[in-house]
Amino acid sequence: MNKQDKIDRSTGSSSSAFANYMRLRIQEFYWTVCTLLGLKHLHDGSKAAFAPTAKRVVAGGAELSQIKAEEEERINRLISEATSLQLSRASEYLRDHKQDLILVAVRERTTPEPSKLPSPFVYAMQ
Amino acid sequence: MTHLNAKARTAVIFNPPADIPEPTSRQIREGFRFHIKGVESCTVVASVEARSWTEKYLPDITPEDPIILRSKSFDSIVFVHPFKDSNFYIPPFDIKPPIRFYALDANGRLLPAGREYDDQDAENMNAHIFNRLSKPAGEEMYYFPYGYLFKYPGIGPVNQFGFRVPDDLSDLKNRDSEHKLVICYGGSSGFSMFTLPHQMYTSVMERSLNKRASEAGSSLRFTVLNFGQHAHVVMNSVITYVLFNFHLKPDFVVGNDGWNDLIYGMAQDPRLFKHGNFAYQNNLEGWSQILHGTGKLQQTQTGTPYRAQAAAPAVLGQYFTRKRQLESMVRANGGHFVWGLQPNSTNKRQLHPLEISNGETFDKNNVHVDLIRMAVPLFERASEQLGRMDVLKMDGYKEFAKYGEEDYLFVDPVHLSPDGDEILGEKYADVIAKLSGLN
């Protein structure tokens with residue numbers, strides 16, 4: 001049984017919930033690798049999950065391809081940093097999940113800016 | 001708390017919408033009876049259109065025609081106002097000021113109407129310096145050296161720290177061995193924010209345990225205290241136990257929690273799991289910005305709806321680790337700890353029509369909506385993990401899964417209706433009764 005099967009059965013959840021779960025795992029791994037390599041300009045842990053240095057745009061067509069290319073280059077740079085530092089498991093993981101990472105980063109950059117936060121004194125859970 | 005002055009000549013105006021649901025009608029009736037208790041002069045007013053409602057839900061009361069508002073003087077007027085988008089009944093003539101206006105909402109809560117909260121609404125606000133230095137506002141968090149305090153007026157008395165318990169608990173310290181003290185923790189759902197005092201799950205527990213003891217011919221008697229508070233995570237329960245409850249040596253402690261640790265945990269800076277293993281309310285990052293004038297720096301969340309920042313294992317790990325810590329403290333202090341996992345509607349077999357419509361409103365307005373969707377597998381995993389643990393437990397998440405569309409148990413995805421609190425209270429009472437030899 002592979003890991004994916006195991007998690008899916010134990011949660012009994014829908015495939016979208018499983019995708020969300022995996023996205024979280026990838027986010028955390030990405031953050032960890034960035035921290036390990038000192039690449040905080042890629043992700044400093046205090047900002048929205050991916051590509052915080054780039055401004056969000058509502059993109060389409062050629063613009064979307066450009067963003068995708070930039071993110072691919074970013075991940076390639078991360079892989080080569082990991083390889084040069086002989087972090088073999090990190091570089092292997094990044095290579096294996098390269099397309100996922102690019103996909104999530106592109107989505108992050110092409111989502112419209114979120115609205116303002118509520119008052120810090122308000123209980124916002126109701 | 002917001003309350004009616006016993007000496008004030010009070011009029012309560014009923015004009016409920018024609019399609020008001022049955023559970024809401026029942027709760028309005030409960031709220032009416034609770035808030036007018038002790039008011040010496042109360043006149044019920046209802047238009048002709050509202051008479052069928054008053055005859056059904058308040059059969060022992062003969063309402064007056066609205067014209068009485070012109071001929072008779074009142075100090076306070078309460079408008080029954082079940083829905084935010086419905087209008088007050090406005091009589092077709094001027095009402096002579098000065099009159100204090102209130103609204104009674106769908107949850108039986110009394111709120112100021114057409115005016116701000118003021119000193120007369122506040123209770124205990126001069127009890128200590130941190131209350132005095134806060135605003136006389138409605139519901140909000142305010143500064144306290146150990147975490148925060150929360151105001152939630154209008155649903156029953158609270159003590160000077162905002163908990164739904166009496167101020168003076170000193171009698172409980174030297175109680176005899178037959179007198180068992182149960183203290184319950186949790187967040188807003190533990191606070192029972194949509195129930196009146198007699199409907200809280202802790203009140204249900206207390207009545208149930210004392211009834212069982214009486215029926216069994218036992219000399220045991222139980223006092224159950226609610227130390228739940230809005231937004232509390234387990235770490236806040238640990239602090240509350242140390243600050244307010246440790247010296248009372250409670251015989252039983254119930255941790256009715258889970259939701260806040262998982263949802264706030266997903267929203268927070270994940271580094272604080274790695275280097276501290278604690279969850280916190282992410283809005284408190286805004287307090288830091290205010291204190292230090294760093295509003296230009298980003299918080300972990302940059303906008304709404306909130307996005308997940310931390311991974312599932314770290315979030316779940318924090319919850320169970322802190323709960324184990326609280327359990328250790330309780331046991332070292334001579335008490336039993338009941339691991340509760342609070343219910344939420346994501347696991348209910350089928351939703352009541354009112355739960356569906358409330359849920360749709362919640363989804364439109366709530367900043368946590370995406371996190372809640374993502375947290376469903378975490379609730380499942382928490383429930384499974386609790387099931388495997390050899391501890392005293394009550395899995396509300398699993399217990400509430402059996403209820404269907406005929407049961408209105410949730411006002412929103414996590415906060416219980418009075419009927420939900422009734423079930424929850426009995427479930428916890430089952431665990432404590434068994435341990436006390438009452439089953």
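Leaving aside neighbours within four places in sequence, Glu355(B) is in contact (heavy atoms within 4.5 Å) with Lys348(B), Gln350(B), Asp407(B), Tyr408(B), Leu409(B) and Phe410(B). The model is predicted, so local features need pLDDT of at least 70 and side-chain atom pairs count only at pLDDT 80 or more, while totals for chains, interfaces and linings use all residues. Residues are numbered from 1 along each chain as its sequence is written, chains are lettered from A in the order in which they are written, and side-chain values use heavy atoms, with hydrogens and water left out.

- Glu355(B) is found in helix H12, residues 353-365 of chain B, where helices are DSSP runs of H or I with at least four residues and strands are runs of E with at least two, numbered from the N terminus.
- Glu355(B) is buried, with a relative accessible area of 5%, whereas Glu123(B) is partly exposed at 30% (buried means under 20% relative accessible area, exposed over 50%, and partly exposed in between, with a 1.4 Å probe and protein chains only).
- Glu123(B) has its place in the loop between strand S5 (110-112) and helix H4 (129-132) of chain B.

**Chain A**

- Chain A has five helices and zero strands, and along the sequence its pattern reads α-α-α-α-α.
- Of the 126 residues in chain A, 40% are buried.
- Among the contacts in chain A with a separation of 6 or more, 60% are between residues 24 or more positions apart.
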